[in-house]
Amino acid sequence: MADQQMHDVAVVGLGPTGATLANLLGLCGLSVLVLERETGIYDLPRAVQFDDEVMRVFQTIGLAQDIKTTTRVNVGMRFVDPDGKLLLDWPRPTEVTPQGWHASYRFHQPDLERTLRKGLDRFARVEVKTGTEVLAIKDRGSHVDLEFEPKDGGDKQAASARYVVGCDGARSLVRTTMGCGMEDLGFNERWLVVDVILKHPKPELGDHSVQFCDPHRPSTYCRSPGMRRRWEITVLDNETSEDISKPESVWHLLRKWLTPDEAEIERRAVYTFHSTLARNWRAGRLLLAGDAAHQTPPFMGQGMCTGIRDVSNLAWKLAIGAKGRDVAALLDSYQQERMPHARSYIETAIRLGGLINTMGTGTALDAVFRQPDGSARMESIAPRLGQGLATVTGGPIGRPFAQPRLSDGRLLDDVTGYAPVLLARDALLDTVEKPAITTLKAQAEPAVAACLEELGAGAVLVRPDRYVLALADTPQTFSALVSQADSLFAADPMPAWANCRHRV
């Protein structure tokens with residue numbers, strides 16, 4: 001067995017969640033070991049949608065523009081009955097949102113994964129081992145030991161890390177090692193997923209995603225980039241997964257939309273859509289993210305998004321911990337903040353699944369979003385983080401801060417960098433000594449001043465993951481806010497934090 005090496009963080013799993021985490025940790029200058037069982041990228045579609053907040057994370061790691069080139073802006077979703085009558089409209093704004101990006105993007109997962117993995121080449125301290133099977137994980141208290149071996153039959157190897165994050169999917173070895181159970185939220189259904197590539201344009205299919213609320217056979221249509229299209233179709237209790245996924249069965253189900261002359265099947269597979277939450281997201285130095293921590297029905301397109309939000313929340317906390325500080329409370333805040341947020345998305349997806357399965361009548365529609373005018377219209381939800389690090393709750397605290405475009409044309413995050421930032425009016429800044437963290441004077445940036453005005457605050461402390469941690473509007477509350485910022489962030493700044501200070 002080779003000599004054992006020590007890393008700051010070991011990431012198990014190199015899907016979108018693990019790759020994004022490794023990019024964020026690389027940005028913080030950490031030593032990272034990534035272990036991935038598969039040798040290459042799975043070259044067929046899986047996840048197909050992400051939102052503006054996730055694109056903002058990709059902006060943070062410097063890959064948003066590359067990712068954008070292979071995506072398509074999503075115009076929204078419609079729910080219709082068997083006769084085509086509109087039951088529920090979920091439009092997505094075509095203009096840029098306050099996050100600085102479009103509300104929803106359609107993408108091809110292999111394209112995304114290639115870009116995320118290529119991004120890791122920028123970081124000399126990030127080591128990636130693909131085609132590698134993790135055999136054992138042991139938390140020693142002061143660190144974690146890992147044993148693994150190449151799938152091609154090479155020698156067993158060992159390494160150590162201060163922390164291990166399991167981004168290794170629904171059958172997570174890290175979760176098994178932690179010994180934590182899963183809470184079942186009650187949705188478990190088989191659906192046939194069919195991805196096709198059109199042979200020629202077929203505009204009559206439309207650009208909206210469509211949920212067909214047919215009580216006999218609920219189904220979903222998704223407009224993907226380029227010539228790709230997806231259908232997700234309920235599998236009935238009397239049907240076997242093997243029979244329904246045969247080509248002749250698939251074409252029979254698609255007959256009202258497509259014929260074999262118009263498209264070729266790229267993938268067909270039966271999945272059981274689950275709704276589960278891990279009861280514990282951290283045990284000592286082991287943590288979970290992505291599908292290892294939660295699984296959701298696909299009706300909100302938030303499966304991968306939830307995992308990306310996990311690691312955006314977790315990465316900067318691990319970075320502080322890697323500096324040797326006692327971060328038990330900081331790491332405990334990860335589950336405290338993320339679990340209620342993930343639960344909210346899963347429960348909404350379950351409600352939408354109920355609407356699809358019950359044809360949108362009666363109480364099912366009312367349970368979703370019945371508007372005062374009697375119509376059914378859904379607007380994008382934005383759950384609040386659980387309390388976690390916040391000393392008070394309510395208002396904008398626990399929600400993402402907006403990303404305005406500044407006077408020089410750059411977006412806010414491109415100016416502040418991957419760092420905590422204090423945005424404040426001059427009158428408050430003059431009441432304290434210069435804060436240790438990055439500070440942006442609102443008077444110098446009208447767009448920032450407008451954001452503060454909208455929040456009714458004189459100052460706001462924004463975390464590295466872009467969520468609002470605290471507000472202030474008086475010298476007394478501002479002094480407390482600065483003390484909180486200095487205590488949490490200033491003792492051991494990350495390279496990414498220190499390097500951005502001269503720019504603001």
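I count a charge as sitting over a ring if NZ of Lys or CZ of Arg is within 6 Å of the ring centre and within 35 degrees of the ring normal. The model I am working on is predicted: local features need pLDDT of at least 70, side-chain atom pairs count only at pLDDT 80 or more, and totals for chains, interfaces and linings use all residues. I number residues from 1 along each chain as its sequence is written, and side-chain values use heavy atoms, with hydrogens and water left out.

**Charges over rings**

I looked up arginine 285. Its charged end sits over the ring of tyrosine 163, 5.0 Å from the ring centre. I then checked lysine 256. Its charged end sits over the ring of phenylalanine 212, at 6.0 Å from the centre.

**Ring pairs**

I searched the whole structure and found 9 aromatic pairs. Rings of Phe, Tyr and Trp (its six-membered ring) pair if their centres lie within 6.5 Å; planes under 30 degrees apart are stacked, over 60 edge-to-face, the rest tilted. Tryptophan 231 and tryptophan 257 have ring centres 5.6 Å apart and planes at 35 degrees, so I log this pair as tilted. Tryptophan 231 is in strand β16 (residues 228-234), and tryptophan 257 is in the loop between α7 (247-253) and β17 (263-273), 26 residues apart. Helices (H or I, at least four residues) and strands (E, at least two) are DSSP runs, numbered from the N terminus.

Next I took tryptophan 316 and phenylalanine 489. This pair is also tilted, with 5.5 Å centre to centre and 45 degrees between the planes. Tryptophan 316 lies in helix α8 (residues 303-321) and phenylalanine 489 in helix α14 (residues 475-490), so the pair ties together parts 173 residues apart in sequence. Both tryptophan 316 and phenylalanine 489 are buried. I also noted a cluster: ring pairs link Phe50, Phe58, Tyr105 and Phe107.

I traced an open sheet of 3 strands, in the order β12-β18-β21, with antiparallel pairing. Its edge strands, each pairing on one side only, are β12 (182-184) and β21 (294-295). Two strands pair if DSSP finds at least two bridges between them. Strand β18 (residues 276-278) pairs with β21 in the antiparallel sense over 2 bridges. I looked for the bridge partner of leucine 277 in β21 and found histidine 294.

Conventions
Buried < 20%, exposed > 50% of the residue type's maximum accessible area, 1.4 Å probe, protein only.
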